[in-house]
Amino acid sequence: PEVLPGADPIHLHGLLGRLPDGSPRFQVVPLPARGLSDKARRDAHRGFCFNSRKSDSLPLDREQPDVRSSACLKKHGSYPESLPTASVIIVFHNENL
């Protein structure tokens, strides 16, 4: 069975934040053209310790640049092909949803 529907080399997570028909589950909320006022910026950080308005302005399913150093990229090519299976569980707490 397909574990992560819609997974491809760019979107390894599959259809993150998308409905079964492929449409976005959450709509992005663009930031004002002139940016946020000081009060709006403070309000966006309140309770989350990150700019929740900026977060809401970004699509969930977007390509991320590879920011690894050249040393890390070089090391990546020397990893063994056969590695043990592992599970990773990421717990989200107090998400701004």
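## Terms and model

A residue counts as exposed when its relative accessible area is over 50%, as buried when that area is under 20%, and as partly exposed in between. The model discussed here is predicted, and it holds four salt bridges.

## The pair within helix H1

In helix H1, which covers residues 38-45, Asp38 and Arg41 lie three residues apart, or about one turn of the helix. Their side chains meet in a salt bridge, with a distance of 3.1 Å from N to O. Asp38 has a relative accessible area of 51% and is therefore exposed, whereas Arg41, with a value of 36%, is partly exposed.

## The network around Asp43

A network of salt bridges links Lys39, Asp43 and Arg46. Within this group, the salt bridge between Asp43 and Arg46 brings their closest N and O atoms to 2.7 Å apart. Arg46 is exposed because its relative accessible area, 56%, lies over the 50% cut-off, while Asp43 counts as partly exposed at 31% relative accessibility.

## The pair of Asp66 and Arg68

Another salt bridge joins Asp66 to Arg68, and here the closest N and O atoms are 2.6 Å apart.

As a general point, side chains of opposite charge can pair when their charged atoms come close.

Conventions:
Residues numbered from 1 in each chain as written. Predicted model: local features only at pLDDT ≥ 70, side-chain atom pairs only at ≥ 80, totals over all residues. Heavy atoms only, no water. Helix = DSSP H or I, 4+ residues; strand = E, 2+ residues; numbered from the N terminus. Buried < 20%, exposed > 50% of the residue type's maximum accessible area, 1.4 Å probe, protein only.
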